[in-house]
Amino acid sequence: MRSQKFFGVFFIATVLAVLVFLDGFYTVGEQEQAVITMFGSIVRTDTAGLYFKIPFVQQVNIVDMTTHGTGIGYRTDKSGRNVARDDESVMITSDFNFVNIDFYLEYKVSDPVAYLYNADTPENILRNMLLACIRGTVADYPVDEVITTGKSQIQTSVREKLTEMLTQSNIGLQCVNLTVQDAEPPTEKIIQAFKEVETARQARETMINSAKKYQSEQIPLAEAKADQIIQKAEAFKSARIAEANGQTARFNNMFEEYKSYPLITKQRLYFEALEEVLPNAKVIITDGTSEKLLPLDKF
C-alpha cells in the first residue's frame with residue numbers, strides 16, 4: 001500500500017514538474033522579441049535566447065521583428081498574379097486628371113510593446129496612413145510628372161510623411177522602404193467616369209458664372225430702386241413736415257385773431273366753410289308731395 005501511494009505521489013509530482021518545465025521555459029528566435037506580462041502588466045521584453053517565466057502566471061507574446069512587404073494598389077493572389085485594386089491605385093492629380101499608381105511598402109515592428117497594446121490592428125492603420133499620404137502627395141503633381149519625371153520626388157515625399165505619421169501615432173511600426181511600382185493612365189472605365197465628372201464640374205462653373213452675372217446685373221438695379229424709394233420717401237416726409245408746420249402757423253395766427261376779435265373770427269370761419277361746401281352741394285326744391293324732384297342746377 002505504501003509503495004502504491006508513493007508511486008502515485010511520485011507520478012503526480014513528475015507530471016507537475018513536466019508541466020512546469022514545459023510552461024516555464026520558452027525560446028525567442030533570432031528575428032523575434034518576447035513581451036512578458038503578468039496580471040495584465042508588462043514585466044519585461046526578451047530578445048533571442050532561452051528564458052524562464054513563472055508557470056501559469058506570466059504570459060509570453062512573441063512578436064515577429066522581420067521585415068514584411070505589402071502592395072498598395074494591387075494584391076497578389078494565391079497563384080502569384082498581381083490583381084489591381086482601383087479603390088487604392090486611382091489617384092487624382094493637381095490638374096484634375098486620374099492616374100493609376102502602385103506602391104510597394106516594406107515595414108517592420110520597431111516597438112513590440114506599442115505594436116501589441118497601442119492599436120488593435122496596426123497593419124490596417126499603417127495601410128490607411130499610407131493611402132492618405134499617397135493621395136495628398138499625388139494631388140500636388142500634374143499627371144505628366146506623376147507618370148514620368150516625378151516618381152522619385154513623390155516616393156520620397158510619401159515616405160517622409162508616412163514616417164512622421166507613424167512617429168506621432170506610436171503604433172510600433174516603422175517604414176523600412178517605399179517604392180513606386182508603376183504609374184500609368186487609368187482604364188477606359190475610369191477615364192469615362194472622369195469625363196463625366198469633368199462635364200459636371202464645367203456645368204457647375206457655368207451655372208456659377210451665370211449666377212454671378214445675374215447678381216452683378218440685379219444688385220445695381222435693386223440699389224438704384226432702393227435709392228429712388230428712399231428719395232421719394234424723403235421728399236414726401238419733407239412735404240408733410242412743411243405742410244404740418246404751415247397748418248400749425250396758420251392755426252396759431254387764427255387763434256391770435258380769435259383772442260382779439262372772437263365774433264368776427266367765428267363769422268369769417270363760417271363763411272369760408274360755406275364757400276368750400278356750397279359749390280359742391282346739390283340743392284333740390286320740393287313741395288313735399290310731388291314725386292318729381294326738380295334739381296336746381298338744371299334751371
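**Reading the features**

Mentor: Let us begin with one cysteine: Cys-175 has a relative accessibility of 12% and therefore counts as buried, where buried means under 20% relative accessible area, exposed means over 50%, and partly exposed lies in between, with a 1.4 Å probe and protein chains only. Please keep in mind that this is a predicted model, in which local features need pLDDT of at least 70, side-chain atom pairs count only at pLDDT 80 or more, and totals for chains, interfaces and linings use all residues. Residues are numbered from 1 along each chain as its sequence is written, and side-chain values use heavy atoms, with hydrogens and water left out.

Trainee: How many disulfides does the structure hold?

Mentor: A disulfide is a covalent bond between the sulfur atoms of two cysteines, and the rule applied here asks for a pair of cysteine sulfur atoms within 2.5 Å. The structure holds 0 disulfides. For Cys-133, the closest cysteine sulfur is the one in Cys-175, and because it is 9.6 Å away, the two are too far apart for a bond. Cys-133 is also buried, with a relative accessible area of 3%.

Trainee: What does the secondary structure of the protein chain come to?

Mentor: Helices (H or I, at least four residues) and strands (E, at least two) are DSSP runs, numbered from the N terminus. By that reading, the protein chain has 8 helices and 13 strands. The chain has 299 residues, of which 22% count as buried. It exposes about 21,400 Å², with carbon and sulfur atoms supplying 58% of that area, as computed by the Shrake-Rupley method with a 1.4 Å probe, where for residues only the protein chains shown count as cover.

Trainee: In what order do the 3 strands of the open sheet lie?

Mentor: Two strands pair if DSSP finds at least two bridges between them. Here the order is β3-β2-β5, and the pairing is antiparallel. The edge strands, each pairing on one side only, are β3 (41–46) and β5 (58–64). Strand β2, residues 32–38, pairs with β3 over 5 bridges, while 7 bridges join β2 to β5.

Trainee: Is Ala-34 buried or exposed?

Mentor: Ala-34, which sits in strand β2, is buried, with a relative accessible area of 0%. Leaving out residues up to four places away in sequence, its contacts include Tyr-26, Val-28, Val-60 and Ile-62, a contact being heavy atoms within 4.5 Å. Val-60 is 26 residues from Ala-34 along the chain, yet their C-alpha atoms are separated by 6.3 Å. For the protein chain as a whole, among contacts with a separation of 6 or more, 64% involve residues 24 or more positions apart.

Trainee: Which residue takes a positive phi in the hairpin of β2 and β3?

Mentor: It is Phe-39, with phi near 55 degrees, in a hairpin that has 2 residues between the strands. Phe-96 is another residue other than glycine with a positive phi, near 60 degrees, and it lies in the loop between β9 (90–92) and β10 (98–109). Asn-170, likewise not a glycine, has a positive phi of about 55 degrees and belongs to the loop between α6 (151–169) and β11 (173–184).

Trainee: How many salt bridges are counted?

Mentor: Side chains of opposite charge can pair when their charged atoms come close. The rule counts a side-chain nitrogen of Lys or Arg within 4 Å of a carboxyl oxygen of Asp or Glu, and the count comes to 5 salt bridges. One of them joins Arg-75 to Glu-88, with the closest N and O atoms 2.9 Å apart. This pair links distant parts of the chain, since Arg-75 is in strand β7 (residues 74–76) and Glu-88 in helix α2 (residues 86–89), 13 residues apart.

Trainee: Which residues are linked in a network of salt bridges?

Mentor: The network is made of Arg-75, Glu-88 and Arg-127. Glu-88 and Arg-127 meet in a salt bridge of 3.3 Å, N to O. Glu-88 lies in helix α2 and Arg-127 in helix α4 (residues 122–138), so this pair ties together parts 39 residues apart in sequence. Both Glu-88 and Arg-127 are buried, whereas Arg-75 is partly exposed, with a relative accessible area of 27%.
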